[in-house]
Amino acid sequence: MQLSDFLTLPFSDPVLIFALVMLIILTVPLAASKLRVPAIVGLIIAGALVGQGGLGFLERDATIILLGTVGLLYLMFIAGVSIDLEKFSKSRGQSILFGVASFGIPLAGSLLLAPPLLGYSTESALLLGAIVGSHTLLAYPIANRLGIGKNKAVTLSLGATMVTDALSLTILAIVAATVHGDINTYFWITFIGSVAVYLAVVVFILPRLGRWFFRNIRDQTNIEYVFLLTVLFVTAYAAQLVGLAAIIGAFLAGLSMNRLVPENSTLMSRVQFVGNALFIPFFLISVGMLVDVSVLTSLEVWLVALLFFLLVMVGKYLAAKAGQLYFRLTPDEGWVMLGLTSPQAAATLAVTLIGFEIGLLDEMAVNAVVILILASCFVGPYLVDLYGRRVVLAEEKSSLKVSDSPERILVPLANPDTAEALMDIAIMIRGKNSTEPIFPLTVARETRYVEAAVASGEKMLSHAVVHAAAADVPVIPVTRVDYNIASGIIRATRELRISDIVIGWNGVITARQRIFGTVLDQLMEQSDETILVSKIDQPINTTERVILAVPPMSQYEPGFGDSFQTIKKLINQLGAKLVVLGSESNLNILKPFIEEQKPELSAQYKIVRKWNRVTDSIAGLYNDRDLVILVSSRRGGVAWQPSFERLPAQIIRNVKPENFIIVYPAEVEEHKKPTAVLRFDASPLLPDITANQIYITADGETGYSQAIEKMVSGLFPDRADVSTEISQQLKVLEPENLPSDLPGVMLTHLSTHHVSKPLLMLAISEEGFRVDTLGDPVQIVFILLSPTHLSFQRKLLILNRLGRLIGGGSTKKQLAKAKNIDEIRKTLSAKLTILPGKEKEEETAGDQSSG
């Protein structure tokens, strides 16, 4: 190669061309940030400078056009794969409405003004309307970078893009066919039929093909990425074959793969990295190269371009403002919608060039459109950057933080086959704005082979680090040596101030194990943090639906808020449908938390009337594309029931889920955790029971009402009015949602200002009381009267303690046969002495919550 080759313009050497483009991609964003100009605008200006209309360094030849087209399609694919599919589905009608307005208002302006001002025919005015009515998501990378990619305003704008581009290119096809005389009934039947077949394949077949691929081709992220690129370009080309635009096909390809590519996953990081670093900058530079500086000297071209620009900006502003008011968005979100829907590039250029070829648009119109593209590509990104930041600030102020404590996730690793799956879960539940690293951990047992065990663990940690690094997530690997594996995990948890633990489970339970096995059981007994026990046999990103089972009273666990928020983040990342199983009272409490607190989720709710039948409810819903999540509780927790220790094994045995996560909420709220773990001896938590608070009868048919009246009158011997009032309230009171494996026992609770401390009443009938609100007779009824100032959590602790006291079948039978207070005391006291004690901690927690 000679020096003259470098001096000849435009450059012809492919290496030199690529080197210049890469130099632009490297330096221009850095310079733009210094000048406080959006990088997108800087790349377009750079394209104009190096193009033939500027310095002439590069020619907009077939290679540049190819790379620019790839960048545009990639941009639309990223928009489709990143969109919040739940919001998009819910707001589909709103997106169509906004898209019609965003296209229709500029179109109407064109039909009204172009004929008298520019002398255009109706066909030419229609084509101009198709030009100014469309838009390109040029500014979407800015919204995505700011973290508002799932904001409703952005979601509506993404949906509107499909509508405006489809309408624009449909008008182009109709006008072109009219000019050539090809429009007839056969044209419409062919067009509508081919589009219908195409949409059916994209909507129904592509997602299933993707799910099959990800389930069968595992742990090969390079192949997964190539699969996505194949889907993108095949779908885009197929869209052209049926008469749609390739950009619409690219967006639909992104939507079809949306649920398979979680936002915080390694694969999504790779998709966005390649697009933002290479393909999308190529597209922006190619747009800038359209500008011919020489035509900028013509005043007439500027006047026509000004008219085009006003048609775009005024029409899009009116549509965005109407959308903002109608959909109840903030003014800042309205400006973001304008910024996203005003840039002109892809469909605009396609319609303009074809209109010029068929003689409906002249050269002046083409030059004016190029100026329009340049101007709108300045204004749109600027608006999104300016007002998008305000939207971010507003969302941060309005969002309710469940906990202000650091989010530190520990991932104990023992099996190389499940290490990546556990790291994926940790990456998904990590807050997108979190600065805390993830801590993968291996524990080597202190034996004579400890060095080999440490080396093996470090090898596993290195794979975990690389996997997380591909998702751009900071990681600090941790190794511990201990005689006991659980002790090593617990020591690391305390030293690193961990908030959440993601740990694997093989799903195997032997007769010697209590719940999961030695290590997991010890971990739950000796730690207070949120624990996600995970059995993952299939890639978690292939999840179509999450079945979430929430037991009675679990929302009153101290750490439930943080744990449930973690579950919501995981479901939101998966983009899966949600079915929530729980008691009626539970679901009424959880529904606002699920649907109104960010991230907002749509869900189906199914009532489980008997919690010991929840396995049947799960089995009736489950298919192999589901993820089952069970919220549980540690022994001694507010919501704990004896059945909790059997439930994981029952679900494994009867449902056989391939992906199963059991979530144990933190026992102490993060901001109330002590700096050191303290253990106390057992101490009584229950109110005392005196003789006048007990009623024993052999008459099960009428004894319940009599028992209430007698016990209440004994409490208030001189207050007949109070006695009558409380008795009437208790008779119609719904029973508490008791542990379902305690048949024959009923707990009920009434909060009243007539008592100053908790009072407990006990009614016993060996034959059984007939209670209207219960189908089966009950032999034992506990009634708790509590003062109104007592915290609800303290009341629940008392009820929970009662459930644990009579948890054994022998205790219940002995209590039902008791004839006097001495026998009752003897039965309860014997059980009280053998219960595992956390009563002092419970008592302390209750006192704190009542403070």
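**A strand and its neighbours**

Guide: Leu548 has its bridge partner in strand β7, namely Val580. This is a predicted model, in which local features need pLDDT of at least 70, side-chain atom pairs count only at pLDDT 80 or more, and totals for chains, interfaces and linings use all residues. Residues are numbered from 1 along each chain as its sequence is written, and side-chain values use heavy atoms, with hydrogens and water left out.

Strand β7 covers residues 577-582, where strands (E, at least two residues) and helices (H or I, at least four) are DSSP runs numbered from the N terminus. Strand β6 (residues 545-549) pairs with β7 in the parallel sense over five bridges, pairing being assigned if DSSP finds at least two bridges between two strands.

Strand β8 (residues 604-607) runs parallel to β7 and is joined to it by four bridges, and β7, helix α23 (residues 584-596) and β8 make a right-handed β-α-β unit.

Five of the six residues of β7 are buried, so this strand is largely enclosed by the rest of the structure; buried stands for under 20% relative accessible area, exposed for over 50% and partly exposed for in between, with a 1.4 Å probe and protein chains only.

Notes. A crossover is right-handed if, with the strands pointing away from the viewer, the path from the first strand over the helix to the second runs clockwise.
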